[in-house]
Amino acid sequence: MGKRKVAIIGAGHTGATLAFMLAEKTLADVVLLDKPENEKPARGKALDISESGPIFNFNNKIKGTSDYQDITGSDIVVITAGVARKPGMSRDDLIQINESVMAQVTEGIKTYAPDSTIIVLTNPVDAMTYAVYKLSGFPKNRVLGQSGILDTARYRTFIAEALDVARTDVSGLVLGGHGDTMVPLLSTTTVGGVPITELLEQDKIDAIVDRTRKGGAEIVGLLGNGSAYYAPAAAIFEMAAAILKDERRVLPAITYLEGEYGFNDICLGVPTLIGENGVEQVIETKLSDDEKAQLKASADAVEEVKSALKYS
């Protein structure tokens with residue numbers, strides 16, 4: 001197998017951070033693409049990353065461009081392009097602007113990288129993943145969205161902080177839409193195998209769940225201009241690695257549902273098996289009645305945003 005290639009559409013903080021991670025871990029050659037007026041910054045970031053190669057011992061090619069022809073042959077295309085959420089702006093406010101961006105980007109992918117797997121990060125990500133799936137005509141396993149890995153990472157971080165334990169010892173799963181209705185599964189959350197309910201009082205658990213749901217907004221508020229990018233890039237990296245190395249990881253991802261968990265014609269965050277073919281299986285875990293109700297409410301919220309889509 002030849003060298004792998006990942007194209008990143010959108011050379012902002014998240015796209016550039018992901019490009020650096022892919023290069024530093026020698027996972028793939030990278031094309032960092034942005035619109036023509038942003039081509040020079042994209043080229044500058046690509047050159048800057050390349051110049052770290054002698055220090056971090058990688059030889060991957062990193063190219064900045066505004067020409068979609070440069071994504072030809074990509075194994076994965078990551079979409080980070082779009083308007084970032086600003087303080088006081090809900091994810092739903094973004095839908096009209098970012099859907100039009102998805103339409104333009106998807107056309108370029110269909111033309112130059114028709115055999116790629118697409119990973120969507122642009123918010124509101126559940127609806128944008130649905131738009132890209134419909135606009136691309138790709139099989140559902142090759143269009144997925146990132147939310148659950150990031151949300152779960154935040155959830156695990158907050159639990160670790162509360163208990164003063166290693167973040168890596170916390171296991172959890174967050175399902176549903178990427179927003180205020182996401183569903184952390186308390187029933188399967190453990191620390192070194194010990195149920196979270198045995199380690200923390202319910203009011204503290206509730207506070208952690210609430211903070212997880214507002215995790216993105218918390219960072220937006222702190223930054224004051226822009227949104228999170230280190231952890232989102234890391235989450236995309238984990239998905240890309242699972243595909244490129246056929247790791248067959250069980251990871252939460254946004255995927256198109258056709259009856260799983262009782263939902264149809266919607267892209268929603270659920271546990272998935274990710275390997276070289278993208279989403280190779282949706283894993284249906286048993287949920288409590290309360291978790292089912294929460295997931296239904298989350299799906300309803302995503303459906304409401306989806307109903308505002310114009311092109312798809």
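Q: Is T272 buried or exposed?
A: T272 has 0% relative accessibility, so T272 counts as buried. Buried means under 20% relative accessible area, exposed means over 50%, and partly exposed is in between, using a 1.4 Å probe and protein chains only.

Q: What kind of model is this, and how are residues numbered?
A: The model is predicted: local features need pLDDT of at least 70, side-chain atom pairs count only at pLDDT 80 or more, and totals for chains, interfaces and linings use all residues. Numbering starts from 1 along each chain as its sequence is written, and side-chain values use heavy atoms, leaving out hydrogens and water.

Q: Back to T272. Where is T272?
A: T272 sits in strand 13, residues 264-275. Helices (H or I, at least four residues) and strands (E, at least two) are DSSP runs, numbered from the N terminus.

Q: What does T272 touch?
A: Setting aside residues up to four places away in sequence, T272 touches R249, V250, L251, A253, T255, V279, Q281 and I283. Contact means heavy atoms within 4.5 Å.

Q: Which backbone oxygen lies 2.7 Å from a polar atom of the T272 side chain?
A: That of L251.

Q: How far is T272 from T122?
A: Their C-alpha atoms are separated by 20 Å. Along the chain, the two are 150 residues apart.

Q: New topic. What does UniProt list as "active site"?
A: The unreviewed UniProt entry lists H178. UniProt positions follow the numbering used here, feature names are shortened, and annotations may be inferred rather than shown by experiment.

Q: Where does H178 sit?
A: In the loop between strand 8 (174-175) and strand 9 (183-184). H178 counts as buried because its relative accessibility is 9%.

Q: Now helix 5. How many of its residues are buried?
A: 10 of the 12, so helix 5 is largely enclosed by the rest of the structure. Among the buried ones are V125, M128, Y130 and Y133.

Q: What span should helix 5 have?
A: At 1.5 Å a residue, helix 5 (residues 125-136) should span 16 Å, and its end C-alpha atoms are 16 Å apart, which agrees. The expected span is 1.5 Å times one less than the number of residues.

Q: What comes at either end of helix 5?
A: P124 is in the loop between strand 5 (117-120) and helix 5. A cis peptide bond, with omega about -5°, joins N123 and P124. After helix 5 comes G137, with a positive phi near 75°.

Q: How many aromatic pairs are there?
A: The structure holds 4. In one of them, Y130 and Y256 have ring centres 6.4 Å apart and planes at 35°, so the pair is tilted. Rings of Phe, Tyr and Trp (its six-membered ring) pair if their centres lie within 6.5 Å; planes under 30 degrees apart count as stacked, over 60 as edge-to-face and the rest as tilted.

Q: Where are Y130 and Y256?
A: Y130 is in helix 5 and Y256 is in strand 12 (residues 249-258), 126 residues apart. Y130 and Y256 are both buried.

Q: What about Y133 and Y256?
A: Y133 and Y256 also form a tilted pair, 4.4 Å centre to centre with 35° between the planes. Y133 lies in helix 5 and Y256 in strand 12, so this pair ties together parts 123 residues apart in sequence. Ring pairs link Y130, Y133 and Y256 into a cluster.

Q: Which side chain has a polar contact with S66?
A: The side chain of E39, at 2.6 Å. A polar contact is a pair of N or O atoms within 3.5 Å; within protein, one must be able to donate a hydrogen and the other to accept it, and residues adjacent in sequence count only if both atoms are side-chain atoms. S66 is in the loop between strand 3 (62-65) and strand 4 (76-79).

Q: Last one. What is the phi of N57?
A: Near 60°, a positive value in a residue other than glycine. Most residues other than glycine have a negative phi. N57 is exposed, with a relative accessible area of 64%.
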